[in-house]
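Hi there,

Here is the structure I promised to pass on. Have a look at it first, and my notes follow below.

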Amino acid sequence: MYYNTNNEIGNDLKKSKKKAISQDQFILGIFNTWRTNDGMTPSEIEHILTDSYDVNWPLTSIRRSISTLTDSGKLTKTDKLRKGKYNKNEHVWKFKGDK
């Protein structure tokens, strides 16, 4: 989902919506491909994107995708925390239904 906070219109809005959907699908694919029992944090997703796919998306975009995937029932936010990119605790997400 694209959150149109900068009030885009026309073709710019269409492009931004398409890009957000593509990012959501890509990140969901990472959760599927790199699936672990421990789940993953947004910073861990960013690390995988950069190191394995040579993709450099802002951490805020990754967090947006994870939130969208959580809202749509595809991911679950756990109570587990791990240190992230900025040495701050981040929540861990898993596929919905994973233990």
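Helices α2 and α3 cross in a right-handed way. Please keep in mind that this is a predicted model. The axes of α2 (residues 42-53) and α3 (residues 59-71) come within 9 Å and cross at roughly 115°. On the α2 side the contact is made by P42, S43, I45, E46 and L49, and on the α3 side by L59, I62, R63 and I66. Sorted by class, that contact has six nonpolar, one polar and two charged residues.

Next, the salt bridges, where the count comes to four. Three of them are described here, starting with R64 and D24, whose closest N and O atoms are 2.9 Å apart. R64 sits in helix α3 and D24 in helix α1 (residues 10-33), so this pair ties together parts 40 residues apart in sequence. R64 is buried, at 15% relative accessible area, and D24 is buried too, at 8%.

Two residues of the helix contact, E46 and R63, turn up again here. E46 forms a salt bridge with K85 (3.2 Å, N to O). Because E46 lies in α2 and K85 in the loop between β1 (75-83) and β2 (89-95), the pair links parts 39 residues apart in sequence. E46 is buried at 13%, while K85 is partly exposed at 46%.

R63, for its part, meets E90 in a salt bridge (2.8 Å, N to O). This pair ties α3 to strand β2, parts that are 27 residues apart in sequence. R63 is partly exposed at 34%, whereas E90 is buried at 6%.

Enjoy exploring it!

Best wishes

Conventions:
Residues numbered from 1 in each chain as written. Predicted model: local features only at pLDDT ≥ 70, side-chain atom pairs only at ≥ 80, totals over all residues. Heavy atoms only, no water. Axes fitted to C-alpha atoms, helices over the stretch in contact; angles between N-to-C directions. Helix = DSSP H or I, 4+ residues; strand = E, 2+ residues; numbered from the N terminus. Left-handed = near helix turned anticlockwise from the far one by under 90°. Contact = heavy atoms within 4.5 Å. Nonpolar A, V, L, I, M, F, W, Y, C, P; charged D, E, K, R; others polar. Salt bridge = Lys/Arg side-chain N within 4 Å of Asp/Glu carboxyl O. Buried < 20%, exposed > 50% of the residue type's maximum accessible area, 1.4 Å probe, protein only.
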